[in-house]
Amino acid sequence: MSRLFLSVDMVGSTQFKATRNAKGPGGWMEIFRTFFTNFPLMLVGQMGFEFLDEDETPVVDVWKAMGDEAIFTAQPSSAEELTGILRVLLRTMRLYEANHFETLPLRLKGTAWLADFVENNIALEIPELSSDDAAPHLDFIGPDLDLGFRLSKYARPASLVLSLDLVETLLEADNLSTVAMYLVGREELKGVMFGRPYPIVWMHDAEEGFDFLPWERESCPYIAAALDARPASVEELRRQIDDMRLYLRKMHGLERPPIKLG
């Protein structure tokens, strides 16, 4: 079993809460309550539009809320379905900002990664949070989960940052041309790849492009580099994946097979 994890986090939320009244009209409590209530509903609605012509619409569930971050999980059955879900997430982020953040100093950023629950990670039922008439409440623990949370540090507005496992799956999709991926740098992620810098890959919808604001371009070298770059080629991305596998096998005797969907 494998799962897709999607994180949506607010940019600028700490300063916003520090400078805005908590209660009353326009208070930060209302802004955040609206986000955690409305964003999941908007995401479900956009999923319906994206997969309108399909026999089934993929289910995207809320896993947990952490501070200013909402985390969702899904189980896509194919690379094409995975691509569609990521496009929906980006579209929902863009629509939510347009509808709710137009005059607020807030933006949304996203992270997407896959986790394999055959050997490397575990799903634990939490009995205290489960009920008899509903699906069991699951928590997920393991190195793939740690990777996603570490990677989220390098998410930026108007895009998704992707794990290499997810990139590898996307490269097999027949609808790959509907998204664009950029290799913007490499960073050491604590506890990941034994300290070897990890490729930072950003994605946007091929029809939309990046939507960075002028001051975001000025303050982040990754954003500036992405705006001046062309999308990474399939060959370049496969080389990053092959290099990761070679390093783990040669230096640490570890095999990292592809994560299979379904």
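Student: Alanine 232: buried or exposed?
Tutor: Alanine 232 counts as buried because its relative accessibility is 15% (buried is under 20% relative accessible area, exposed over 50%, partly exposed in between, with a 1.4 Å probe and protein chains only). This is a predicted model, where local features need pLDDT of at least 70 and side-chain atom pairs 80 or more, while totals for chains, interfaces and linings use all residues. Residues are numbered from 1 along each chain as its sequence is written, and side-chain values use heavy atoms, without hydrogens or water.

Student: Where does alanine 232 lie?
Tutor: In the loop between α7 (221–228) and α8. Helices are DSSP runs of H or I with at least four residues, strands are E runs of at least two, and both are numbered from the N terminus.

Student: What does alanine 232 touch?
Tutor: Leaving out residues up to four places away in sequence, alanine 232 touches Met181, Tyr182, Leu183 and Leu237 (contact means heavy atoms within 4.5 Å). Tyrosine 182 is 50 residues apart from alanine 232 along the chain, yet their C-alpha atoms are separated by 5.0 Å.

Student: New topic. How many cavities of 30 Å³ or more?
Tutor: The count is 1. On a 1 Å grid over the protein atoms alone, a cavity is a set of points where a 1.4 Å probe fits but cannot get out; a pocket is an open set with protein on both sides within 12 Å along at least five of seven lines; lining residues have an atom within 4 Å of a point. Points join across faces, edges and corners, and volume is the space filled by probe spheres set on them.

Student: What volume does the largest cavity have, and which residues line it?
Tutor: The largest cavity holds about 40 Å³. Its lining is Arg186, Met193, Arg196, Pro199, Gln240, Asp243 and Met244. Helix α8 (residues 234–252) gives the most, with 3 residues.

Student: And the largest pocket? What volume?
Tutor: About 680 Å³. It has 29 lining residues, and Asn120, Pro143, Asp144, Leu248 and Arg256 are the closest to its centre. The largest share comes from α4, with 5 residues. By class, the lining has 15 nonpolar, 4 polar and 10 charged residues. Nonpolar covers Ala, Val, Leu, Ile, Met, Phe, Trp, Tyr, Cys and Pro; charged covers Asp, Glu, Lys and Arg; the others, Gly among them, are polar.

Student: What about the second largest pocket?
Tutor: Its volume is about 560 Å³. It is lined by 25 residues, with Pro58, Val59, Ala74, Gln75 and Glu81 the closest to its centre. β2 (60–66), β3 (69–74), α3 (79–100) and β6 (138–141) each give two or more residues to that lining.
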